[in-house]
Structures are given as C-alpha cells and as structure tokens.
Amino acid sequence: MVMFGISFATRGIYGGVEWIFSWNNYIRLADPLYGNIYLRSFLFAGLTTLMCLVLGFPLAYAIARAPQRWQPLLFILVLIPFWTNFLVRTYAWFFILRADGLINSMFMGMGVISEPLEILYTDLAVFIGLVYGYLPFMVVPLVIVIERIPRTLEEAAKDLYATAWSTVWRVILPLSKPGIIGGCVLVFIPTLGAFITPYLLGGGRSMLLGTLIQQEFLVIRDWPFGAAISFVLMGMVLLALLVTRKHAEMVGPS
Amino acid sequence: MEEFAVGLRKVVKFHGDTIAVDDVSLDMTKGEFFSILGPSGSGKTTTLRLIAGLDRPDQGEIFIQGRSMNHVPPHQRPVNMVFQNYALFPHMTVYHNVAFGLQMRGHSVTEIKSQVGETLELVKLHEKPHRYPTQLSGGEQQRVALARALVNRPAILLLDEPLGALDQQLRQEMQVELKEIQARVQSTFVCVTHHQEEALMLSDRVAVMDRGQILQVGTPQEIYESPVSTFVAHFIGLSNSVVGRISNYDGTMCTVMTPYRFSIQATTPKDHSSAEEVTVIVRPERVHLSPGPKHDGYDNSLPALINKVSFNGGEMFYKLDLQDGLVWTARVPMALRPSHRFQVGQHVYVQWHADHGLVLTH
C-alpha cells in the first residue's frame, strides 16, 4: 500500500520521496524506451518458460515413470541446486561461460572454434541462467501431475495402436495440463521480475524489468518511478494469471 | 496351429523372483468365449497381458492365428483389451475414446464416424457420444471400454475383470449383454475373472488357474461336475467336503472311512489303492434332507442338526452340523413341497447318491 502511494509521489532532489501527487511516473512509462524493456522482459520470461517446459517435460516424465525406489534420488538431484545459494549458483555459470571457461576451452580444445565465443554478458547468458535457475519450478509440478496419470492409460493407448509419440501427444500432454499451467506460472512470474541473473550474467548490458526496478530504487534512488514500474508489472502478472485461470477451467469437466 | 485363435506353448513369466506364469500351455478356439478363472495373484492377468503384448514371456511362445507373437509389439497384434477399471481417457468424450484406435490407424473421418456410431449403437450408448467418462455411470463406462476395443474389430478381445467394478444386478445384466455382443461380433473373447459364477455363465470353456499354473481346462459343466482337485472343486461353487481313507474298492464303488463316526459310499472311475487318502466332495444341491433315517434309495444317510436357515428367493440354504465341527450346506429349491422345509434346531438326515460324491486324491 505504501508502495502504491509512493508510485504517485515525486522524487526529491536527493532521492527522497516528496508527497506531491502526480500521474507523472505512469506517464513516463509510456515512453517507448520503457515499453521496449517491458517487451524484452516478457519475451525473456516467455522464452525461458518455453525452454523450461521443453526441457522439463521429458525430465519430469522420466522421473515420474522411473522405478519407485529411484524416484526419491532423482527428485533430490533435481532439487540439489536449491541447497546452494542462488548467487553461488549464478556465479558458477561464470566459470562455464566466460572466455576461458569450460565451454570455450572445451570447444577450442576440440578445434571447433578458434576464437573464444562471447557468451558471458550477453542475452544468451541471461537466458541460460534463467532456464537453469527456474527449471525445478517447472519439473516439480509436472512430476506430481504425471505421476497421477495411471499407467494403464498409456497401455490402453498402446493397445489402440498409438505410437510412443502419439501417446505423449494425445494422452500424457493433455492430462498434464494442470501441471504445465502451474509450472509455467511458477517460472514465468519470477523470471519476469528476475534481477540477479540478468544483473550478473548480463553484466548490466541486458536491461530487463527486474534490473530496471532495482536500478530505480537503489542506484538512481527514484523510488516513486520504481514503484510505478513494479505496479504496472504486478498488474500485468495478475492479468496473465487471470487468463491462465480461465484457460485452466476450460480443461474438461473435473 | 491354424484352427486356434490363441495358443500358448510352455509360457513362463517371472515378476522379479516370483514366478507369475508357470509353464502354461493353452489353446483358445476361434470364436469361443474363453475364461481364465483364478484367485487374485494366480497369474491370470499376467497371462492376459502376455497375449496382449503388454508383457513379454521369459520362456515359451505365444501364437495368435498361427503366427508367433514373440517379436510382435502390442499395436501390431490383432488383439484389443478391455482394461480392469476401463482405463478410459478422461479428457476425451465417449466419441473420441471410441474413435482413438481408428484415428491412430489413420482411418478417414467419415469412416471413423460411421464405425464409431455403429459400435456405440451395439453397446447402447449412441445417445451419449459427447459425455465425458466421469459423467457416466459404472455400467456405461464399462460399455465405452468395450466399444473402444470392439470398434477396431479385433480377432481376439481380451477382457480383464470386465464386470468386476459393477454391482450385482448390473453385473448380471452385463453378463447377458456381453454374451449377445460376442454372438454378434463373432470374435474370440478371452476373459480373466476371479468371479466363478461369471466365468460359468459366460464361457464356452474355462481354465482354472492358481499360483501361475493351469489346473484344469474344460466346459463349465465339466469343471463343475468333475473337478480334478479339491482346489478346483472349492473354487468353483459351494462344496461340502470330508477327508477319509479308501477302505474298500470294487472297481466302481468305494467305501471311504472318515475320522468321524461314519463311512461314505461313493462311485469313482479312477483306480484307488486301499488306504489311499482322499477327499469326498458333495455339491450342496445334490444333498437331500429327510426328517427321518429312511433311505429312499440313497446310498448315504447321516444325521445332522440344522444350524442356520437362509433364503435367497429361489432356494433355501441350510447350514448343517454333522459331527465335531464338520459343517455342510444343503441347497433346496423352493419348488419342493413344504414338507421339505426345516427349522433351526431340527434333527434331519443328510442323504445323497453314491455317484454324487466326488472322490478326489489331491
């Protein structure tokens, strides 16, 4: 509530908040510069979510259908990254992505490339970092949903001439819909506002909503404008949630 | 091999360390209704899954229409299965559930439409094609499962406990209907059940299975009237039994000495050595109750006390205390004269003909 109030206030000369009501902060957001950042953020979040789904679905399926005694172990392997600090995990990517990092030395050693690829401090690095960081949020709800799909349904599909691919496409995927929607929401929302990953792996060159808000609050110390950006973001997230809710309700009668 | 719809040759299947199917050989004739009957864990469902191709045998060979199936995946077998609990696709309507198999084989839309319509009519569900499985009753779901398999016109239809989830009345209605449907489509039906009455009612032939082995194969009458073992006798219908030793055997008739204070006369086609341990089985409907010891031509007559009387509509069931904890049951049709009805606590005589006593050695 305080933040909502602040978003209508004006920035003081030294970064304080002066309680003069104005729409200025919201009007400033109409600037194409910021619109662009919103668009970029949505694109990033959307691509990250999609990639998490593409990677997470087979992984979740494999875990859900693994022999009972293997399941806890596999689950732990997915969740292990959560035991380490998010910062540490993100810094770990430095060693993999940087000019003399794992990927570059491997490819150069194999003679695939002669010059080190510039991955660190690019959008690609941010993308990789985000997918890595939020993959478990996709996998866990999917495993839970897929586990509850009776195996006999797959056998029935097989018995009715379905190939493995069409069994997944026609039976498993539609029945995983609640998990897919849940996982997508869990990945999409935090990536939309993520700032550590873009800040560290993007090296400040990759401006996203999260980094923008952080800058406004901590660097430029324009709290009112930062608050305004946050509220527009929040409104969009709520809107997106409502849309998915509506969509989730359309999945057959439960 | 040609004349058989399905043939199993020395099939063995392990589940981990335990043997689920133990050296099973079976032949199912084209167009017959064949049931595999056994208690849970007897390996009957595994046998069905082996025929469907959902499991692979560890040893032995399975033939369908004369072709070895050992390297044929399930979707290439002329076989469809009605799963236990139906395994209907919950996100699809009745129509799409039934159409699934045809769609997967790439039939044209018009062809699918006409065949699905036809099959839904066969199972009397043509008025509900747009319902989802959860909107249907248990009996209706059962019909969808049946239609979903039958629409593919399989040479062999496999049914895993098809009526197991239905209540008694629905079960009896569906038994009749299943028979009618089988007569219409003329496929071979292979049904797995633990319900003996169902197996007897539906089947042309029954295989009784226990602990992975086939104990007996035969028509329902054969299995009911001449079971090969006490297990089969007890599993198929109610039966009264008493153990004893052969004391006198003259080629057809034998006397069996029991540990109780009586002996029994029974006919037996098999050769028995003296003092051989046997079990004598008498079906409850073969038992005649008499108020007095008069024999009336019965070879056996034992005194008993009526312990309990129950009534199921068409028959009276009498629970009888013979001696020292030996309890038998008599099943008397209501059509008999009222003089054949007895009360709890009444002393009666249990009588039966020698050829109604089955002498079993194991």
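This is a predicted model: local features need pLDDT of at least 70, side-chain atom pairs count only at pLDDT 80 or more; totals for chains, interfaces and linings use all residues.
Residues are numbered from 1 along each chain as its sequence is written, while chains are lettered from A and ligands numbered from 1 in the order in which they are written. Local features need pLDDT of at least 70, side-chain atom pairs count only at pLDDT 80 or more, and totals for chains, interfaces and linings use all residues; side-chain values use heavy atoms, with hydrogens and water left out.

**View 1. Overall make-up of chain A.** Chain A holds 13 helices and two strands; these are DSSP runs numbered from the N terminus, with helices (H or I) of at least four residues and strands (E) of at least two. Of its 254 residues, 41% count as buried, where buried means under 20% relative accessible area, exposed over 50% and partly exposed in between (1.4 Å probe, protein chains only). The accessible surface of chain A is about 13900 Å², and 73% of this belongs to carbon and sulfur atoms. Accessible areas come from the Shrake-Rupley method with a 1.4 Å probe, and for residues only the protein chains shown count as cover. Among contacts in chain A with a separation of 6 or more, 68% are between residues 24 or more positions apart; contact means heavy atoms within 4.5 Å.

**View 2. A nonpolar surface patch on chain A.** The patch is formed by Trp70(A), Leu73(A), Ile76(A), Leu77(A), Ile80(A), Phe82(A) and Trp83(A), with about 730 Å² of accessible area together. Patches are made of residues with over 30% relative accessible area and no salt bridge, like charges being joined within 9 Å and nonpolar side chains (Val, Leu, Ile, Met, Phe, Trp, Tyr) within 5 Å. Trp83(A) sits in the loop between helix H4 (71–79) and helix H5 (86–97) of chain A. Trp83(A) counts as exposed because its relative accessible area is 64%.

**View 3. The interface between chain B and chain A.** In this interface, 16 residues of chain A are in contact with 25 residues of chain B. The two chains bury about 2000 Å² between them, 65% of it on carbon and sulfur atoms; buried area is the accessible area (1.4 Å probe) that two parts lose on being put together, summed over both. In chain B, the most area is lost to chain A by His75(B), His91(B) and Met104(B), together 26% of what that side buries.

View 4. One salt bridge is counted between chain B and chain A, a salt bridge being a side-chain nitrogen of Lys or Arg within 4 Å of a carboxyl oxygen of Asp or Glu. Glu155(A) pairs with Arg49(B) in a salt bridge, with the closest N and O atoms 2.5 Å apart. Strand E6 (79–82) and helix H2 (94–104) of chain B are the elements that give two or more residues to the side touching chain A. The largest share of that side, four residues, comes from H2(B).

View 5. Asp23(B), in strand E2 (residues 18–29) of chain B, has a phi near 55 degrees, a positive value in a residue other than glycine. Asp23(B) is partly exposed, with a relative accessible area of 42%. Gln186(B), also not a glycine, has a positive phi of about 55 degrees. Gln186(B) lies in the loop between helix H5 (168–185) and strand E8 (188–193) of chain B and is exposed at 61% relative accessible area.
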